[in-house]
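User: I have a chain open here and would like to talk it through with you. Could you start with the overall make-up and then go into the details?

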Amino acid sequence: MYHIYKLHARLLKTGHHNHPLALRRLLLSCAASAPASLSYARSIFDLIASPDTFAFNTVIRAHADSSPSFSLSFFSKMRMSGVSPDHFTFPFVLKACARLRTGLDLHSLLFKLGFDSDVYVLNGLIHVYGCSGFLDFALKVFEEMPERDLVSWSSIITCFVKNGFGYEALALFRRMQLVGTVKPDEVIILSVVSAISFMGDLELGKWIRGFISRNGLELTVPLGTALVDMFSRCGCIEESMRAFDEMGERNVLTWTAFINGLAVHGRSEDALRMFHEMKNHGFRPDHVTFTGVLVACSHRGLVSDGWHVFESIRNEYGMEPLPEHYGCMVDLLGRAGLLNEAYKFVERMPIRPNTIIWRTLLGACVNHNYIELAKKVKEKINELDSYHDGDYVLLSNVYGGVGQWVEKAGIRNSMREKRISKNPGCSLIHVNQVIHEFIAGDTNHPQFESVREFLVSMIDSLKVVGYTPDISNVLFDIEEEEKENTLGYHSEKLAVAFALLCFTDRRTIRVMKNLRICHDCHCFMKHASDVFEREIIIRDRNRFHHFSKGSCSCQDYW
């Protein structure tokens with residue numbers, strides 16, 4: 001701001017403080033120093049007696065990123081003043097609209113004023129529709145553009161990625177390559193990497209890594225960090241490690257992405273080692289880094305290390321722990337069976353515990369069949385949110401796990417009275433670039449009968465080598481044979497059976513599940529990995545489980 005004050009003082013001293021050209025220069029200086037100079041920019045703008053298009057464009061542009069509502073306010077004032085917008089006006093107005101997810105009515109105005117063929121304006125319009133979730137309109141604008149540049153392709157691809165349509169985004173990326181008029185840049189590649197991360201498709205991940213190498217794209221810090229995160233999310237921590245090692249330069253986000261990846265893949269000791277190595281390299285951990293390290297401690301039961309890391313947030317780095325950090329500590333203590341200590345920890349929190357923290361403790365009570373504390377925790381949750389299906393299911397599971405069927409039935413009846421339904425288990429698996437979905441209790445998959453028959457034969461084969469269905473996971477008062485049948489059709493088992501039918505080679509089987517894997521399915525996967533000589537990777541709600549030769553990467557601690 002010093003140079004702005006200095007310039008303004010010079011104008012006042014020389015008597016040019018009201019000269020339109022001098023004020024224009026001063027306004028440009030303010031725009032270049034945004035957002036710190038925005039309030040000053042507005043005061044300078046008010047000094048201009050009759051602001052022209054340039055003045056309005058400058059002040060609109062200055063506010064578009066950090067104060068988009070001001071941008072739209074100035075645009076309205078521009079229209080009311082009778083000042084005509086030009087092709088520089090609308091890209092910044094649309095940018096402000098995208099940030100506020102508004103301005104869909106501008107489309108007709110653009111056409112009315114004759115900007116329907118301006119590539120910069122139409123790129124902004126695509127972005128607005130994408131941010132508002134109107135992908136059909138965004139695509140229509142894109143398809144009707146008389147010409148497209150790199151930003152056009154980047155905008156439409158990013159729209160689909162951010163709205164969760166990864167495969168559609170990849171189809172557009174391939175189409176862009178076929179057109180051949182533009183060469184993808186780092187921004188587009190980052191969007192593609194993000195799409196693949198969301199889908200968890202390792203083969204596509206390897207493809208985009210090869211594409212980057214073949215096209216000579218530089219492995220910048222943002223791109224390298226995205227690859228580290230992508231390979232982790234695709235279930236291959238080895239490839240993530242390779243991408244990390246290939247980076248010539250890293251920042252705190254890179255280290256954090258790698259630490260988080262190691263944590264969710266059960267490599268807790270490695271995550272702690274990388275955390276200390278990161279600090280030795282002079283990087284200061286942020287809140288996300290601490291969350292990743294605490295997750296690593298929780299997944300291996302490293303209570304002492306977890307306490308040390310948690311206390312260092314405030315004592316060593318002068319930061320206040322966030323609710324996520326408290327939640328990680330509750331999870332760490334709960335998994336370790338220190339339930340009373342976890343409850344006291346929550347009670348002593350300096351911030352009000354949210355439902356996520358209480359649910360974490362409730363889940364720990366379920367895992368350790370601690371009924372009395374579970375009921376107390378459920379009462380705490382009811383004070384905050386009494387309609388979450390997971391809370392009822394967890395408490396119901398505690399009762400069922402110890403055979404208290406009357407109490408369990410009461411919970412289920414309460415769910416029915418409140419019209420609360422449980423989300424079914426769902427597993428996804430990629431086969432030949434097609435996603436196959438299996439849902440517990442659903443027989444709609446076109447190959448369900450053949451999958452079911454093969455799964456039955458699998459279970460019989462695994463029983464011969466020691467697999468015994470853990471019927472304690474089926475929390476209904478029914479006969480044991482019926483419990484075994486219920487267990488048999490859990491979604492991840494169906495997905496693995498389908499993979500064994502489809503894959504004749506010994507490739508790794510990768511499954512994504514929406515819920516935490518149950519004890520029986522965990523035991524089933526260990527035996528299946530041994531008998532069928534396959535590595536099986538299950539990505540559940542919390543972490544990755546790598547099953548190989550009869551054991552799991554979590555070492556049965558999850």
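Analyst: The chain has 29 helices and six strands, and the model is a predicted one.

User: How much of the chain is buried?

Analyst: Of the 558 residues in the chain, 49% are buried. The chain exposes about 26,400 Å², and carbon and sulfur atoms supply 52% of that area.

User: And what share of the contacts joins residues at least 24 apart?

Analyst: Counting contacts between residues at least 6 apart in sequence, 63% join residues at least 24 apart.

User: What about the lining by class?

Analyst: The lining of the second largest pocket divides into ten nonpolar, eleven polar and five charged residues.

User: How many cavities of 30 Å³ or more are there?

Analyst: The count comes to one cavity of 30 Å³ or more, and the space in the largest cavity is about 30 Å³.

User: Which residues line it?

Analyst: The lining of the largest cavity is made up of Phe275, His276, Lys279, His308, Val309, Ser312 and Glu316. The elements that give two or more residues to this lining are helix H17 (268–280) and helix H19 (303–315). By class, the lining of the largest cavity has two nonpolar, three polar and two charged residues.

User: Is Cys518 buried or exposed?

Analyst: Cys518 counts as buried, because its relative accessibility is 12% and the cut-off for buried is under 20%. Cys365 also counts as buried, at 0% relative accessibility.

User: I was also looking at Ser232. Where is it, and what is it in contact with?

Analyst: Ser232 is found in helix H14, which covers residues 221–233, and it is buried, with a relative accessible area of 4%. Leaving aside neighbours within four places in sequence, Ser232 is in contact with Ser240, Gly261, Val264, His265 and Phe544.

User: And Arg25, buried or exposed?

Analyst: Arg25, which is found in helix H2 (residues 20–32), is exposed, with a relative accessible area of 53%. The C-alpha atoms of Arg25 and Ala55 are separated by 9.8 Å, and the two residues are 30 residues apart along the chain.

User: What about Gln555, where does it sit?

Analyst: Gln555 lies in the segment after strand E6 (551–552), and it is exposed, with a relative accessible area of 57%. Between Gln555 and His299 the C-alpha to C-alpha separation is 9.8 Å, while in sequence they are 256 residues apart.

User: Last topic, backbone angles. What is phi at Asn369?

Analyst: Asn369 has a positive phi of about 50°, although this residue is not a glycine. Asn369 is placed in the loop between helix H22 (355–367) and helix H23 (371–384), and it counts as partly exposed because its relative accessible area is 39%, whereas exposed would need over 50%.

User: And Glu533, where is it and what is its phi?

Analyst: Glu533, a residue other than glycine, has a positive phi near 50°. Its place is in the loop between helix H29 (519–531) and strand E4 (536–539), and Glu533 is exposed, with a relative accessible area of 52%.

Terms used:
Residues are numbered from 1 along each chain as its sequence is written. This is a predicted model: local features need pLDDT of at least 70, side-chain atom pairs count only at pLDDT 80 or more; totals for chains, interfaces and linings use all residues. Side-chain values use heavy atoms; hydrogens and water are left out. Ala, Val, Leu, Ile, Met, Phe, Trp, Tyr, Cys and Pro count as nonpolar, Asp, Glu, Lys and Arg as charged, and the others, Gly among them, as polar. Buried means under 20% relative accessible area, exposed over 50%, partly exposed in between (1.4 Å probe, protein chains only). Helices (H or I, at least four residues) and strands (E, at least two) are DSSP runs, numbered from the N terminus. Contact means heavy atoms within 4.5 Å. Accessible areas come from the Shrake-Rupley method with a 1.4 Å probe; for residues, only the protein chains shown count as cover. On a 1 Å grid over the protein atoms alone, a cavity is a set of points where a 1.4 Å probe fits but cannot get out, and a pocket is an open set with protein on both sides within 12 Å along at least five of seven lines; lining residues have an atom within 4 Å of a point. Grid points are joined across faces, edges and corners, and a volume is the space filled by probe spheres set on the points.
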